[in-house]
Amino acid sequence: MKPLGPIPPGFSAIDGELAIGGRKASELVAEAGSPLFVYDAALMTARVAALRAALPDRLGLHYAMKANPYGPVLRHMAGLVDGFDIASGGELLMAEAAGVPAERISFAGPGKRDADLAAAIAREVTLNLESAREAERALAIGERLGRAPRLAIRVNPDFDLKGSGMKMGGGAKPFGVDAAEVPALARRILFSGAEWRGLHIYAGSQTLDAAAIAEMQAATLALAARLAEESGAVLPACNLGGGFGIPYFPGDAPLDLAAVGAALGAQFEDLPEVLADTAFSIELGRYLVGEAGVYLTRIIDRKESHGEVFLVTDGGLHHQLAASGNFGTVVRRNYPSAIATRFGAPVEEEASIVGCLCTPLDRLADKGGFPRAEEGDLVAVFCAGAYGASASPMHFLGHGPAAELLVNARP
Ligand SMILES: *Cc1c(COP(=O)(O)O)cnc(C)c1O
């Protein structure tokens, strides 16, 4: 038997069934269909509250909406966080439709087209510039529109986040402006008449190691101070990146938030003059929403092959690619999963939970220990609130998208 990842806190059993936001899995599927992503708004609210309690008051909290762009989730998050970080013109329209005020949006991401830049500048969204060429295009478009664009520089730092799942800084990268070239570009922006919005420094994603985050934040603050000095201007704002991870796999332990907060608090006590009035923020995606989501899928077929049990579901990697191990992981390990309609029942057999796609990649749980499940039972795959529905190849094999549902939303 292979171990399963740890089931996140916040889920209970009602009548022997998994309950999400106090509602039984079978009830939710009866209402919205299968396969189904269910997101519990109350868990997102609690997560933001825990962050606010642990982190310095001075630190703004942004939501990186690529983690989960489902409209009701965006509307819920808009009432909780200080800013939204977007990475495409499409996300700009989705954030706008969800009622996020444009002045709270910042727009990073390589390959912004002129139309994306124009839409952002017309709305007074802050652009996190990814290159000197992009800066020139933004300035020209601002001139044409008669608007002073709000410009920040995304820095490609000289370091990366240790133990990070996806490295996004250090060395040659498509993201950000190399640190050595930032002061000259900052001066160019300062003298252009654009509104200078400071720096965005993002060094990596998905770490559970508080010391690695503290070290990265200290390095980020030192780099921001040095670049501000060399640019000859104070920093109005500085986005310190994110990187807060969630436990997905066997043996993973949650991030020690108190330790991260204490370390950053100490850093803030000791800031150089050039950062004294800077508005700091962090941007988090999966940490805010990942554990609040569950993917539910129904068992269509129970079969045995060469003595192994396969539970074949109506879902699969076309909805929840990450659980299949094909989204940025090197070694396939099991996500947390369970038989939702027999939640908490003792383990009776070893079974693999597979999807309905005709490819051997489509495996949601490999040789896990489960209570005996039959056709009609529901499977739950946890940690499905981030990089699930919107980060999976939903058109592959033509089964169509999963339904989505936000429970416990404010009325
Ligand atoms: C994807 C991304 C995030 C969010 O990453 P998580 O690991 O989900 O927190 C934040 N900032 C930038 C620039 C990103 O590209």
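Which residues do ring pairs link into a cluster? In this predicted model, in which local features need pLDDT of at least 70, side-chain atom pairs count only at pLDDT 80 or more and totals for chains, interfaces and linings use all residues, the cluster consists of Phe 37, Tyr 39, Tyr 70 and Tyr 295. Residues are numbered from 1 along each chain as its sequence is written, and side-chain values use heavy atoms, with hydrogens and water left out.

A search of the whole structure finds 12 aromatic pairs, where rings of Phe, Tyr and Trp (its six-membered ring) pair if their centres lie within 6.5 Å, and where planes under 30 degrees apart count as stacked, over 60 as edge-to-face and the rest as tilted. One of these, between Tyr 63 and Phe 84, is edge-to-face, with 5.6 Å from centre to centre and 85° between the planes. Tyr 63 belongs to strand β5 (residues 60-64) and Phe 84 to strand β6 (residues 83-86), so the pair ties together parts that are 21 residues apart in sequence; helices (H or I, at least four residues) and strands (E, at least two) are DSSP runs, numbered from the N terminus. Tyr 63 is buried, with a relative accessible area of 0%, and Phe 84 is likewise buried, with a relative accessible area of 0%, buried meaning under 20% relative accessible area, exposed over 50% and partly exposed in between (1.4 Å probe, protein chains only). The rings of Phe 268 and Phe 280 have planes at 25° and centres 5.0 Å apart, so this pair is stacked. It links distant parts of the chain, with Phe 268 in helix α9 (residues 257-269) and Phe 280 in strand β15 (residues 279-284), 12 residues apart, and both Phe 268 and Phe 280 are buried.

Helix packing can be followed next. Two packed helices are described by the angle between their axes and the distance between the axes; here the axes are lines fitted to C-alpha atoms, for helices over the stretch in contact, and angles run from 0 to 180 degrees between N-to-C directions. Helix α8 (residues 210-231) packs with α9 at an angle of about 20°, their axes being 9 Å apart. That makes α8 roughly parallel to α9, since angles under 35 degrees count as roughly parallel, over 145 as roughly antiparallel, 65 to 115 as roughly perpendicular and the rest as oblique. The crossing of α8 and α9 is right-handed, a crossing being right-handed if the near helix is turned clockwise from the far one by less than a right angle, and left-handed if anticlockwise. In the contact (heavy atoms within 4.5 Å), Ala 210, Ile 213, Ala 214, Gln 217, Ala 218 and Leu 221 of α8 meet Ala 259, Val 260, Ala 263, Leu 264, Gln 267 and Phe 268 of α9. These residues divide into 10 nonpolar, two polar and no charged, where Ala, Val, Leu, Ile, Met, Phe, Trp, Tyr, Cys and Pro count as nonpolar, Asp, Glu, Lys and Arg as charged, and the others, Gly among them, as polar.

Helix α5 (residues 114-123) and helix α6 (residues 132-145) have axes that come within 10 Å and cross at roughly 55°, and α5 and α6 are therefore oblique to each other. Their crossing is right-handed, and the residues that meet include Leu 117 and Ile 121 in α5 and Ile 141 and Leu 145 in α6. By class, this contact of α5 with α6 has seven nonpolar, one polar and three charged residues. The axes of helix α4 (residues 89-97) and α5 come within 9 Å and cross at roughly 35°. Gly 89, Leu 92, Leu 93 and Glu 96 of α4 make this contact with Asp 116, Ala 119, Ala 120 and Arg 123 of α5.

Some individual residues remain. Lys 162, in the loop between β9 (150-156) and β10 (166-167), counts as partly exposed at 48% relative accessibility, and, leaving aside neighbours within four places in sequence, Lys 162 is in contact with Thr 207, Ala 212 and Glu 215. Gln 206, in the loop between β13 (204-205) and α8, has a positive phi of about 50° although it is not a glycine, and is buried, with a relative accessible area of 14%. The peptide bond from Ser 34 to Pro 35 is cis, with omega near -5°, and Pro 35 is found in the loop between α1 (25-32) and β4 (36-40).
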